[in-house]
Amino acid sequence: MALHFQSLAELEVLCTHLYTGTDLTQRIEAEKALLELIDSPECLSKCQLLLEQGTTSYAQLLAATCLSKLVSRVSPLPVEQRIDIRNYILNYVASQPKLALFVIQALIQVIAKITKLGWFEVQKDQLVFREIIADVKTFLQGTVEHCIIGVIILSELTQEMNLVDYSRPSAKHRKIATSFRDTSLKDILALACSLLKEVLAKPLNLQDEGQQNLVMQVLKLVLNCLNFDFIGSSADESADDLCTVQIPTTWRTIFLEPETLDLFFNLYHLLPPLLSQLALSCLVQFASTRRSLFSSPERAKYLANLIKGVKRILENPQGLSDPGNYHEFCRFLARLKTNYQLGELVMVKEYPEVIRLIANFTITSLQHWEFAPNSVHYLLTLWQRMVASVPFVKSTEPHLLDTYAPEITKAFITSRLESVAIVVRDNLEDPLDDTATVFQQLEQLCTVSRCEYEKTCTLLVQLFDQNAQNYQKLLHSASGITVDMAIQEGRLAWLVYLVGTVVGGRLTYTSTDEHDAMDGELSCRVFQLISLMDTGLPQCSNEKIELAILWFLDQFRKTYVGDQLQRTSKVYARMSEVLGITDDNHVLETFMTKIVTNLKYWGRCEPVISRTLQFLNDLSVGYPFYYMLDHLYDKPNKCIPLARYF
């Protein structure tokens with residue numbers, strides 16, 4: 001391929017290879033040619049040729065790509081040249097508003113880069129690159145297409161100002177971003193909100209593609225404003241549930257107006273799912289506004305408006321059937337508890353009705369176990385934090401969690417057990433195979449399950465006994481491995497995971513001696529199952545049950561084994577009667593026996609061996625290795641030296 005381009009046709013061949021080509025060699029050559037084109041003295045003229053005479057959108061995209069790289073160089077172009085490029089692009093998109101959206105965005109990104117890098121540059125005593133906001137207002141006075149372009153300009157500029165360029169000094173980026181925040185960002189948000197109010201003031205024609213696109217771009221602009229890194233913290237996006245939006249104090253007036261929240265709740269109810277999802281994303285950020293922005297009375301009023309909006313959504317839940325809306329609403333609920341204390345929530349007038357609606361919504365979500373597990377994470381986060389806050393509530397208003405938390409726990413338990421038959425019979429993907437999600441959900445459930453623990457314990461005992469009996473019947477039947485056996489093993493695996501979870505919850509919630517006795521009642525059943533399963537090895541084995549058992553043992557270890565625990569814990573009362581296990585030393589013997597058994601019989605199963613060795617490693621942190629070996633040799637007929645398996 002020639003690397004010198006004299007004609008439009010040759011440039012368009014480059015576009016073809018660069019954007020639509022499937023041949024890797026041609027693509028690599030095209031990328032080399034692109035770099036040479038950018039370094040060429042004729043780069044600007046070739047870009048102009050592509051924009052004015054190119055026959056495809058990809059030709060215009062190539063021009064935008066070249067210009068973007070050209071203006072982003074560490075050694076900047078002269079100020080006059082950058083002004084000319086900016087003005088040329090503004091005039092170009094104004095004269096051709098029906099360009100492909102990806103072309104418009106690529107060209108506007110060039111303007112955004114020029115504006116950011118020249119933010120402090122002065123010509124004739126003027127900050128010449130800040131005139132872009134005034135230019136946008138000209139677009140907003142034109143057709144719908146021109147309004148869309150104007151909004152995209154502001155949106156791309158806001159994103160670019162928030163984007164850290166690691167090839168340049170971070171201090172310079174922060175200085176530019178701070179100046180943009182202080183001089184322009186509030187006005188941009190106010191302008192976006194006024195545009196949305198204008199849209200709602202007129203009859204909304206959802207069949208008009210141009211109007212839908214305008215609303216979408218304005219909502220994206222609002223979201224970019226609210227997602228701005230206001231204080232230079234560069235928050236980790238993976239820590240979504242911990243996010244607080246550091247809204248500047250000068251924005252208080254916008255947030256104190258009840259009409260602001262009402263605007264986005266109204267948009268959610270009026271817009272189709274693709275757009276209503278964006279309205280909810282904005283509300284997630286509004287719910288995450290830093291507490292210190294308000295005085296106590298203002299915060300209570302703001303929270304009341306948020307709760308009123310939640311109630312309205314749950315009373316009209318049709319929009320939540322859309323996965324995008326459902327996910328954002330779950331995030332919204334989680335953010336409410338992240339940012340507000342339970343004592344503040346219970347003081348809201350609508351709290352009793354809203355907590356009932358949220359509980360019903362959560363129960364329905366858990367029952368549809370196959371739907372959006374990533375969204376359920378946020379619902380469980382909400383309940384986990386609500387229940388964890390109960391000991392610290394000083395308000396006399398009822399929190400009602402003792403009513404609803406056991407129902408949430410029950411819904412989780414029963415839905416997971418009911419899912420097993422569907423998974424086995426329909427040959428679906430088993431949720432238990434996604435151990436990362438299972439562990440995350442169980443760790444959230446452990447706190448919730450300890451609220452009104454008697455109810456949860458009674459339910460688990462009943463279900464465990466019933467399923468264990470059914471499993472024993474199947475073991476003694478002559479039918480061999482059947483669908484019924486697979487279902488029963490899956491249910492037992494879930495039950496063992498769940499018992500481990502509620503036992504582990506002792507560390508996260510205030511417990512009594514009665515609760516410890518209940519833990520002992522549940523733990524007896526799992527230790528009996530361990531004995532039953534190990535007796536049948538190697539003929540009768542199930543990997544999922546083994547992995548669940550290792551989870552339970554680890555939770556029991558963290559909770560009831562160690563020097564920090566009082567030796568008189570009631571957990572051992574029932575275990576002493578049934579199993580002869582009187583204290584954590586006896587439990588340690590059981591642990592070591594189980595480890596040796598796994599090493600002996602599960603050597604070809606990497607997940608079980610890996611988890612077993614991890615459990616052994618965790619044990620060794622709390623006990624010297626010679627101490628554990630002593631337990632191995634206390635009863636020489638029961639245990640086998642570990643060295644044989646290494």
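1. Accessible areas here come from the Shrake-Rupley method with a 1.4 Å probe. On that basis the accessible surface of the chain is about 29500 Å², and carbon and sulfur atoms account for 52% of that surface. The model is predicted.

2. Overall build: the chain contains 28 helices and two strands. Its C-alpha trace spans about 90 × 65 × 45 Å along the principal axes. Of the 646 residues, 51% count as buried. Among contacts between residues at least 6 apart in sequence, 77% join residues at least 24 apart.

3. Charge: there are 59 positive and 73 negative side chains in the chain. The centres of the two sets lie 4 Å apart.

4. A negative surface patch consists of Asp402, Glu452, Glu454, Asp513 and Glu514. One of its members, Asp513, belongs to helix α23, residues 513-535. Asp513 counts as partly exposed because its relative accessibility is 46%, and partly exposed covers the range between the buried limit of 20% and the exposed limit of 50%.

5. Glu452 sits in the loop between α20 (435-449) and α21 (453-476). With a relative accessible area of 31%, Glu452 is partly exposed.

6. Leu400 also has a positive phi, near 65 degrees, in a residue other than glycine. The loop that holds Leu400 runs between α18 (373-388) and α19 (401-426). Leu400 has 23% relative accessibility and therefore counts as partly exposed.

Technical notes
Residues numbered from 1 in each chain as written. Predicted model: local features only at pLDDT ≥ 70, side-chain atom pairs only at ≥ 80, totals over all residues. Heavy atoms only, no water. Patch = residues over 30% accessible without salt bridge, like charges linked within 9 Å, V, L, I, M, F, W, Y side chains within 5 Å. Salt bridge = Lys/Arg side-chain N within 4 Å of Asp/Glu carboxyl O. Lys, Arg positive; Asp, Glu negative; His and termini not counted. Charge placed at Lys NZ, Arg CZ, Asp CG, Glu CD. Helix = DSSP H or I, 4+ residues; strand = E, 2+ residues; numbered from the N terminus. Buried < 20%, exposed > 50% of the residue type's maximum accessible area, 1.4 Å probe, protein only. Contact = heavy atoms within 4.5 Å.
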